[in-house]
Amino acid sequence: MERRTLGATGLGVGAVGLGCMPMSWAYSASRRRGDLSLRAVHAALDAGVTLLDTADMYGPFTNELLLGRVLKERRADAFVSTKCGLVVGDGHIVANGRPAYVRRACDASLRRLQTDVIDLYQLHRADPKVPVEETWGAMAELVTAGKVRALGLCAVGARGGRRAPHGGGCDLYDGTIRQLDRLQQVFPVSAVQAELSVWSREALARLLPWCDARGVGFLAAMPLGNGFLTGTLTPGGGFEPEDMRARHPRFTAEVMAANQYLVAGLRRVAERHGDGVTPAQVALAWVLSWGRHVIAVPGTKRAEWAVENAGAAALALSRRDLAELAALPPARVSWD
């Protein structure tokens, strides 16, 4: 698989990574099986994927424990990315950016992951009660201590705020960019993780160019639109109660039906590339087309889809393909 570089660290990763959250968190609980998830991680590594993206809050903790079982055998094959800064309580999630907590959280993640170093340690959310420079400084100390190789930030935008009114002057990621400028004064940011997909393009306005101009890697989260862009979800099919899509305005039957033209556009491009090419692979190739600093991080818990996603790294979209995808109207009612 093509390798891309994260930030000034020179750390190389496969162009397509593996988001491990669905194995333990936020999606249908009845479909979570440890043996199948382990198979998916091994299949991804075998297909050339290196970046494994997790967080201590996924489960909580069980996702890191699962990956630790793989890393115990295949640490040399993997680039490990995990996160701190969000604590799961009884029915709520709170931010914690206190330096002492960051140090404890890192040590706990290292134990669960069964490794002596985390390749990329990301701040999941800044704590509004703690100056972000203090949190970032504590994370930088972990690099000095040899427990972490590089630092990243999860951007608050499409998931943390509302879309600006059409024609409005406020970019969805203005706050994140101001935060990033502050963090750069403390310790280099190697990667920014934010949503980017055919149906969620807000990061293209300023966040992606900010990363490009500074040599910062961009981890494209949810590049398949939480499964919608794969074409495998049926409008009105329903979701299990604990599945985050059951409560999301993008996944009502009406909105899913209205946005089917996006899947149809991906399917038309896929058909031009021949048998075996899927809408999901086209969606991932579109994400990768935005620059060599971009890494797509689709999530899955099934081996066959992990292999299919990895195959997108070899799919080269033509100018016609890209123009056709650019002409697709924005997704309807994404955040309203």
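**Group meeting: a walk through the model**

Let me start with a hairpin: β1 and β2 form it, with four residues between them, and Gly7 in the turn has a positive phi of about 60°. This is a predicted model, where local features need pLDDT of at least 70, side-chain atom pairs count only at pLDDT 80 or more, and totals for chains, interfaces and linings use all residues. Residues are numbered from 1 along each chain as its sequence is written, and side-chain values use heavy atoms, with hydrogens and water left out.

β1 pairs with β2 (residues 11-14) in the antiparallel sense, over four bridges. Thr5 has Gly12 in β2 as its bridge partner. Pairing here means that DSSP finds at least two bridges between two strands. Strands are DSSP runs of E, at least two residues; helices are runs of H or I, at least four; both are numbered from the N terminus.

Next, helix α9, residues 279-288. How many of its ten residues are buried? Ten of ten, and the helix is mostly covered. Buried means under 20% relative accessible area, exposed over 50%, partly exposed in between, with a 1.4 Å probe and protein chains only. The buried set includes Pro279, Gln281 and Trp286. What covers these residues? The cover includes β1 (3-6), β11, α8 (260-272), β12 (294-297), α10 (303-311) and α11 (319-326). So β1 turns up again, as part of the cover on α9, where contact means heavy atoms within 4.5 Å.

Now Ser81. Ser81 sits in strand β5, residues 79-84. Its relative accessible area is 0%, so Ser81 is buried. Leaving out residues up to four places away in sequence, Ser81 touches Leu51, Leu52, Asp53, Thr54, Leu120 and Gln122. With Asp53 there is also a side-chain polar contact of 3.0 Å. A polar contact is a pair of N or O atoms within 3.5 Å; within protein, one must be able to donate a hydrogen and the other to accept it, and residues adjacent in sequence count only if both atoms are side-chain atoms.

Last, the backbone. Gly59 and Pro60 are joined by a cis peptide bond, omega about -5°. Pro60 is in the loop between β4 (51-53) and α2 (62-74).

Two non-glycine residues have positive phi: Met222 at about 50° and Asn226 at about 55°. Met222 lies in the loop between β11 (217-221) and α7 (253-258). Asn226 is also found between β11 and α7. Buried or partly exposed? Met222 is partly exposed, because its relative accessible area is 22%. Asn226 has 6%, so it counts as buried.
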